[in-house]
Amino acid sequence: MSEADRRARVARLETFAQRAPMAYRVRLALLALLGFGVLGGAVLLALGVSVGLVVVLLAISPILLAKLAKVVWIPVAFGWVVLRALWVRFEPPSGHLLAPGEAPALLAEVERLRRAAKAPKLAGILIDDELNAAAASVPRALGLLGHRHYLVLGLPLMQLLDRQQFASVVAHEFGHFGGGHGRFSGWIHRVRVSWYRVLDGLAGRGAWASGLFERFFRWYAPYFDAYSFVLARQNEYQADAMAARLAGADVAGSALVRVNIGAARLEHEFWPSVVEANRREGEPPRGLQRDMAAALRSRHTDDDARIAQRLTARADVHDTHPSLAQRLQALGVVAGDAAPPERSAAEVLLGDLLPVLEADLSEDWRLRVEDGWRERHRAHALDSDRLGELEGQLVRSPAEVVEHAALIERLHPQVDVVPLYRNAVRVAPDDAFAHYRLGVLLLAQDNRAGIELLHRARMLDPQAADAVNEVLAGFHHRHDELDAFDGVLGDQHALDRRRREAAQARNALSAGDVLLSHGLEGDALQAARTSLAATGKVATAWIVRKRIDGDPDGPPHFLVLVKWRGLVFGEDSALQKVVDALDLPGSWVAFTAPNQRRVAAKVRKTAGAPSYRHGEG
């Protein structure tokens, strides 16, 4: 479905859902049941095919059944993949789980709001390090045994808001629990997750029915996504209405504005300052949450401009949350002055637990990032030394001109590096990286010359296709160039499909494979022979290269036909040892002639003399 078609469909469904909400939900439920029905029917069909094959083969000849046992198991394996996809397991959310009696003021406030919202009882309240809050319903046995409900509260959010604004956020989350939102939306979410999991599972195994499922999903997914997207949008508006009812519309609106200010503050000021600290300091800071709270609760001269910018931003059909302007309009309020609170909700409601949580969450973050922090600090020091060397040279090679531009961009982000990359492209016309970075920077300035540069970068380096498509898609989407956006998405989908097909081809053996001479010479061939000798089990081996049509620029793929020395018990494990021991410049598959006689004959014919004989060399 094109982007224009998706927008039109979502707009029609939003109108339909407002005009006939019950009919809309019934249609969505039926669409979800269709998805589950196809998956469940596939399991029953696969099992039925296997049983039918057993009955037919037994009737013909038990010996024939023994010979074709692997054929009987093919549909069983397919059914197992689908069944596993249907069993979607959801783990409880992570964070600091409040113990009974811990933060009594917070527990009392949450319970007051829960009762007022008529929300279900909570299995727990968790506090994490995100500028967010969430209502999480965790199903038991796919929801057949009910749900456990959790409220997740971000400590930065509590530091940002006052007590009333925080109450409106909690009321909003309880609005998601109420009215069956959690159960119905959770069921819809499980349908989507199940389908993506089954397609991934089938693609990874090269299953015989994956193409059929993919065709159905290409038809089914656009309808289901559009219908479920409208539900998600509705739930956000209804949850905002709950916040307005329990805390007041003005308070709910001011909380939304404060959260947007906080998000912009973290994105544009706080996290960049942490990155800058990484360059100066070899160890991550220990008081991150304390520093973040100070940043969130201060005033900034850019706050008003940032809110004005967010008020003009629109929510597209890929964002389930309405825009800030849409949410304020639904509440019937305008964006007023959202000054920092004199006392934050964290100070009022957490009491003595606040410094403990700040220290614990800061330490958890420090432990998560310390290895990467040290590595980036060392890399920054090396970059600085290398930049000094380049700055001291009177003449630079084309490669050094590109390197110099990249180092300036990394080490001095405040410098306009467009002129440096323009010069790099001029002196190094075949350098893909220089074309890519200049293209990215120009598109960030809405200079369309960047499009041609990105295409040139992809031509110079086909491995850059994913990065190029990501930038182009973002640019065309930002400018509402829907045809161009769809073209980029189509190209990316084609790339992904070819990669899946190439991965399947690397794992498959067929008499129709196009085989070539292995092309190994010198040390590479000797390394392969040494690794085969190290197994102690291989008498003779033939190595050929298989042409992978869907991945011409990928690493070479080899087929290795082995003949054992003496008797081998447990051939699968013996082959796995060969695969593990092999040293080849690419990917490879090892097999024996009795399991693939036609392929083995073709390998011998292509290879000619064996590539390895025990005792030689």
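## Salt bridges overall

The structure holds 36 salt bridges. The model is predicted. Side chains of opposite charge can pair when their charged atoms come close.

## A pair within helix α5

R115 and E111 form a salt bridge, with 3.0 Å between the closest N and O atoms. Both residues belong to helix α5 (residues 104-117) and are 4 residues apart, about one turn of the helix. R115 is exposed, at 60% relative accessible area, while E111 is partly exposed, at 28%.

## Pairs between separate elements

R286 is joined to E363 by a salt bridge of 3.6 Å, N to O. R286 counts as exposed at 57% relative accessibility; E363 is partly exposed at 26%. Both residues also belong to a salt-bridge network with E283, R366, E370, D371 and R374.

E347 and R297 meet in a salt bridge of 3.1 Å, N to O. Because E347 lies in helix α14 (residues 345-350) and R297 in the loop between α11 and α12 (303-312), this pair ties together parts that are 50 residues apart in sequence. E347 is partly exposed, with a relative accessible area of 28%, and R297 is partly exposed at 26%.

## A nonpolar surface patch

M22, V26, L30 and L33 make a nonpolar surface patch of about 410 Å². Among them, V26 is found in helix α2 (residues 21-60). V26 has a relative accessible area of 42%, so this residue counts as partly exposed.

How values were computed:
Residues numbered from 1 in each chain as written. Predicted model: local features only at pLDDT ≥ 70, side-chain atom pairs only at ≥ 80, totals over all residues. Heavy atoms only, no water. Patch = residues over 30% accessible without salt bridge, like charges linked within 9 Å, V, L, I, M, F, W, Y side chains within 5 Å. Areas by Shrake-Rupley, 256 points an atom, 1.4 Å probe, with all protein chains shown as cover. Salt bridge = Lys/Arg side-chain N within 4 Å of Asp/Glu carboxyl O. Helix = DSSP H or I, 4+ residues; strand = E, 2+ residues; numbered from the N terminus. Buried < 20%, exposed > 50% of the residue type's maximum accessible area, 1.4 Å probe, protein only.
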